[in-house]
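Subject: Structure handover

Hello,

Here is the structure for you to look through. My notes follow below it.

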Amino acid sequence: MVTSDSNQVAVDVNEVTFRYGNIRALDALSLEIPAGISFGLLGPNGAGKTTLIRLLVGLLKPKSGSVRVLEEAPSRRMANRVGYMPQLHSLYTELSVRQNVDFFAKINRLSDGAERARQVEETIRLIDLWSRRNDSVVKLSGGMRQRVSLACAIVHNPPLLLLDEPTVGLDPELRVTFWEHFANLNKQGVTIVVSSHTMDDAAHCDRLAFMRDGRVIAQGSPDELRSNTRQDTLEDAFLYYVRSGGEHAA
Amino acid sequence: MPFCIMCGVGVNMLPRYALTIAGRVIRQLIRDRRTIVLIVAVPMVVMTLIGLSFPEGIVLDRIAPALLATMVLFFSFLLTGISFLRERSQGTMERLMASPVSRPDVVLGYLLGFFLFALAQTLIILLFTIYVLDVNYSGDLWQIFVFQIIIIAGAVNLGIFISTFARNEFQMVQFIPLILFPQVFLCGVIWPVEQMPEYLQWIGRFLPLKYGVDGLRGIMLTGESLVDVGFELLVLVGFTVATSVLATLTLRRGVGG
């Protein structure tokens with residue numbers, strides 16, 4: 001397993017602004033994510049979470065400010081050190097589970113055939129779909145497709161995972177399974193950045209950034225965010241920050 | 001790899017992941033049985049209908065080259081354009097563009113992958129036209145096929161390029177008459193180019209199908225060789241290179257941008 005150094009900063013976003021035409025999706029946003037933790041980007045739809053993840057992956061370029069991922073500017077050269085799971089399932093539905101995972105392993109530079117086969121098998125077993133490995137993705141349920149999509153993002157063992165709403169559409173049991181797996185990856189030093197708009201996901205993260213209108217309105221651990229606002233739930237803490245209107249770091 | 005030999009490009013010169021992408025495209029289409037059946041059956045049905053509508057063999061003999069060139073261009077363009085658009089609307093293109101894969105990898109990978117199916121489809125159309133519809137021709141069969149290969153390569157790249165401008169399948173369908181009809185009417189498929197107004201002839205000179213039709217007519221009707229139709233061949237190669245460069249430059253990761 002390729003891991004990142006726990007003393008390092010995995011993601012460094014500095015005063016980044018991004019616009020879609022006249023719409024300002026990110027507004028001078030700054031963020032630092034330490035390596036080896038689960039970091040949640042929490043906020044409503046339109047807060048800028050997906051735009052931020054696309055900037056981190058290198059699919060978008062900031063209009064101003066800088067983005068550093070694993071101490072480099074996002075590029076094709078270092079893309080195999082990042083695992084990206086987009087919001088859509090983004091799978092080849094005619095292909096089998098194994099063919100999908102194997103394809104993403106290949107394009108992420110797992111060129112050794114035997115090593116890749118082992119890695120693909122291990123990953124499919126991890127998402128508990130080994131018995132369905134030869135089934136076309138089109139035959140799978142939404143939750144199963146979500147698992148295959150995750151497998152495609154992690155098969156090459158990247159030190160950084162960028163997951164855009166990975167638990168949407170998952171039943172509670174599967175959601176727990178996903179988070180158990182994320183915790184295991186964290187133990188191996190993998191940094192996980194998860195975007196979500198559900199506070200259920202937020203509780204599983206080591207640190208959180210509450211986002212709204214393209215800005216980070218508060219940052220901290222779930223406990224810090226709750227205690228600083230004297231609220232019982234993260235949902236109430238989020239609403240507290242929204243109503244107070246300022247930026248806060250716990 | 002056979003495709004590389006045909007393209008005159010060594011494997012080491014190919015972008016790193018083009019063959020991986022081509023392999024995936026081929027596997028994807030092979031697993032879609034209904035599409036495979038349609039790829040084989042539709043050209044035969046269309047050619048049968050055309051054959052039946054021309055009971056006099058001599059007429060069919062004369063229009064066969066233009067029909068073959070048009071069919072090859074149309075089917076190859078359609079197959080690639082729709083499939084490529086689907087890649088973007090499904091979100092898999094975004095995933096590809098976030099990986100170490102480069103734009104030339106994607107375009108070349110698709111070209112190689114779809115080329116195989118377009119090639120099979122073209123071979124079916126050609127053999128069906130000659131052996132089932134009993135069309136007479138003068139030149140060598142292999143030279144006719146090689147000339148068609150060049151038309152396929154250009155049409156596949158054109159499909160990739162044009163799909164960039166469509167955000168959904170409905171928009172892509174609107175591009176089909178826009179791409180096809182001017183070529184059919186201005187390139188001598190239906191009536192001779194010489195009988196059209198000068199300005200229409202001038203427009204026709206910029207359309208690839210004109211060179212496809214002229215070249216195939218040269219080989220099939222007057223028995224010319226590939227060397228004799230070298231100019232038409234060269235223009236079509238130029239068109240293929242130009243569309244592949246344009247497809248690479250305009251490649252977008254998703255339907256939204």
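In which helix of chain B does Val72(B) lie? The residue lies in helix 4 (residues 57–89) of chain B. Before more detail, some ground rules. This is a predicted model, in which local features need pLDDT of at least 70, side-chain atom pairs count only at pLDDT 80 or more, and totals for chains, interfaces and linings use all residues. Residues are numbered from 1 along each chain as its sequence is written, while chains are lettered from A and ligands numbered from 1 in the order in which they are written. Helices (H or I, at least four residues) and strands (E, at least two) are DSSP runs, numbered from the N terminus.

**Around Val72(B)**

Val72(B) is buried, with 28 other C-beta atoms within 10 Å. The cut-offs: a residue is buried if 20 or more other C-beta atoms lie within 10 Å of its own, exposed if 12 or fewer, and partly exposed in between, with C-beta atoms placed from the backbone. Neighbours within four places in sequence aside, Val72(B) is in contact with Thr122(B), Ile125(B), Gln148(B), Ile151(B), Ile152(B) and Ala155(B). Contact means that the C-beta atoms of two residues, placed from the backbone, lie within 7 Å. Val72(B) and Ile125(B) are 53 residues apart in sequence, yet their C-alpha atoms are 8.2 Å apart in space.

**A helix pair in chain B**

Helix 10 (residues 208–222) and helix 11 (residues 230–250) of chain B pack at an angle of about 145°. Their axes are 9 Å apart. Axes here are lines fitted to C-alpha atoms, for helices over the stretch in contact, and angles run from 0 to 180 degrees between N-to-C directions. Helix 10 of chain B contributes Pro208(B), Tyr211(B), Gly212(B), Asp214(B) and Gly215(B). They meet Glu232(B), Leu233(B), Val235(B), Leu236(B) and Phe239(B) in helix 11 of chain B. By class, the residues of this contact divide into 6 nonpolar, 2 polar and 2 charged. The classes: Ala, Val, Leu, Ile, Met, Phe, Trp, Tyr, Cys and Pro count as nonpolar, Asp, Glu, Lys and Arg as charged, and the others, Gly among them, as polar.

**Where the chains meet**

21 residues of chain A are in contact with 19 residues of chain B. Helix 2 (residues 97–107) of chain A gives the largest share of the chain A side, 4 residues. That side has 11 nonpolar, 6 polar and 4 charged residues.

How many residues of helix 2 of chain A are buried? The count is 11 of its 11 residues. Among them are Arg98(A), Asp102(A) and Lys106(A). The cover includes helix 3 (113–126) and helix 4 (142–154) of chain A, together with helix 2 (18–31) of chain B. After helix 2 of chain A comes Arg109(A), with a positive phi near 70°.

**Two domains in chain A**

Chain A is assigned domain 1 (1–70 + 161–216) and domain 2 (88–158). These bounds come from an automatic or database domain assignment. The C-alpha centres of the two domains lie 23 Å apart. 10 residues of domain 1 are in contact with 9 residues of domain 2. On the domain 1 side, strand 6 (160–164) and helix 5 (172–187) of chain A are the elements that give two or more residues. That side has 7 nonpolar, 2 polar and 1 charged residues.

**Strands of chain A**

3 strands form an open, antiparallel sheet in the order 2-1-4. Strands pair if DSSP finds at least two bridges between them. Strand 2 (23–34) and strand 4 (64–69) stand at the edges with a single partner strand each, so one side of each has no neighbour in the sheet. Strand 1 (residues 9–20) is joined to strand 4 by 5 bridges, and Val11(A) has Val69(A) as its bridge partner. 8 bridges join strand 1 to strand 2, where Phe18(A) stands opposite Leu26(A). Strands 1 and 2 form a hairpin with 2 residues between them. Gly21(A) in the turn has a positive phi of about 65°.

Strand 3 (residues 38–42) of chain A has 5 of its 5 residues buried, so it is largely enclosed by the rest of the structure. Ser38(A), Gly40(A) and Leu42(A) lie on one side, with Phe39(A) and Leu41(A) on the other. Strand 3 runs parallel to strand 7 (residues 191–196), joined by 5 bridges. It also runs parallel to strand 8 (residues 207–212), joined by 4 bridges.

Best wishes
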